[in-house]
Amino acid sequence: MAGDELTASADLSKSQRAYHWVKERIASQEFTPGYRLVLGAIAGELGMSVVPVREAIRQLEAEGLVTFERNVGARVSMVDDTQYRFSMQALSVLEGTATALAARRLTADDLRLARETNERMIQSLSDFDPHSFTRLNQVFHATLYAKCANPRMLELVESEWARLGHLRDSTFSFVPGRAQESVREHEQIVALIERGAPLGEIEQAARRHRSATLDAYMIHEHPGEALGLPNF
């Protein structure tokens, strides 16, 4: 009986250690919103079994700092997503314009790189990793807007991308189903640029593409507040 109590006490101590370890990294934004918390990896880092780590995650979930979804696992919650919404709204306008302003400067090699990147994104869907997908997503979009003729516009786009990186790990952690729609829209944008479509049409497609990701997030996380941004 005494041995059982000692074991329980030790597990509690380990659980609290894991709890504080994870909570500190959430507070410092080392683990940003959407970051996947892999229990086995945390247990290995702390030199303990998965059991106390699981208890720590449950405690963080009860506090609203972590969410757990079937087939997704534990991830850091988007505790206050107001700034994320603002950045996505701004980026939809800025990136749409920057993409249109860059369109006539893109070469066949640029468009080939964009398509190759999108193809890698498509291939990754079968073994989906939101963080890697987001990294490829940024490469894809940077390929299309990097030759924007307005340096100030380019500066603003890159600033908002950096800001988003601090606000969350990956939007696709919250709405993984959005990834398949996203790669189809990528191909449509490249096709518009390739055939020399009017710049207004390219801008609108790029803007709606970004807005659709925010809408998907809002429908998932705040179903009563969906913005319908593709029409603004």
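Student: Which helices each supply at least two residues of the lining of the second largest pocket?

Tutor: We are looking at a predicted model, in which local features need pLDDT of at least 70 and side-chain atom pairs count only at pLDDT 80 or more, while totals for chains, interfaces and linings use all residues. Residues are numbered from 1 along each chain as its sequence is written, and side-chain values use heavy atoms, with hydrogens and water left out. A pocket is an open set of points on a 1 Å grid over the protein atoms alone, with protein on both sides within 12 Å along at least five of seven lines, and lining residues have an atom within 4 Å of a point. Here the helices that each give at least two residues are α6 and α7 (151–167).

Student: Which helix gives the most to that lining of the second largest pocket, and with how many residues?

Tutor: The lining is made of His-131, Thr-134, Arg-135, Gln-138, Trp-161, Leu-164, Gly-165, Arg-168 and Asp-169. By class it has two nonpolar, four polar and three charged residues (Ala, Val, Leu, Ile, Met, Phe, Trp, Tyr, Cys and Pro count as nonpolar, Asp, Glu, Lys and Arg as charged, and the others, Gly among them, as polar). The space in this pocket comes to about 150 Å³, and the helix giving the most is α6, with four residues.

Student: What is the volume of the largest cavity?

Tutor: A cavity is a set of grid points where a 1.4 Å probe fits but cannot get out, and the count comes to one cavity of 30 Å³ or more. Both α6 and α9 (199–221) supply at least two residues of the lining of the largest cavity, and Met-88, Asn-137, Phe-172 and His-209 are among the lining residues. That lining has three nonpolar, seven polar and two charged residues. Its volume, the space filled by probe spheres set on the points, is about 90 Å³.

Student: How many helices and strands are there in the chain?

Tutor: Helices (H or I, at least four residues) and strands (E, at least two) are DSSP runs, numbered from the N terminus. Along the sequence the pattern reads α-β-α-α-β-β-α-α-α-α-α-α. The chain therefore has, by these DSSP runs, a count of nine helices and three strands.

Student: Are α6 and α8 roughly parallel or antiparallel to each other?

Tutor: The axes, lines fitted to C-alpha atoms over the stretch in contact, come within 12 Å for α6 (residues 130–145) and α8 (residues 178–194), and they cross at roughly 15 degrees. Phe-133 and Phe-140 of α6 are among the residues that meet α8, whose partners include Val-183 and Ile-189; the contact has eight nonpolar, four polar and no charged residues. Angles under 35 degrees count as roughly parallel and over 145 as roughly antiparallel, so α6 and α8 are roughly parallel.

Student: Are α5 and α8 roughly parallel or antiparallel to each other?

Tutor: The axes of α5 (residues 108–124) and α8 come within 10 Å and cross at roughly 170 degrees. The contact divides into eight nonpolar, two polar and three charged residues. α5 and α8 are therefore roughly antiparallel.

Student: What angle do α4 and α6 make where they pack?

Tutor: The contact joins Glu-95, Ala-98, Thr-99 and Ala-102 of α4 to His-141, Leu-144 and Tyr-145 of α6, giving four nonpolar, two polar and one charged residues. Helix α4 (residues 82–103) has its axis 7 Å from that of α6, and the angle is about 50 degrees.

Terms used:
Axes fitted to C-alpha atoms, helices over the stretch in contact; angles between N-to-C directions. Parallel < 35°, antiparallel > 145°, perpendicular 65-115°, else oblique. Contact = heavy atoms within 4.5 Å.
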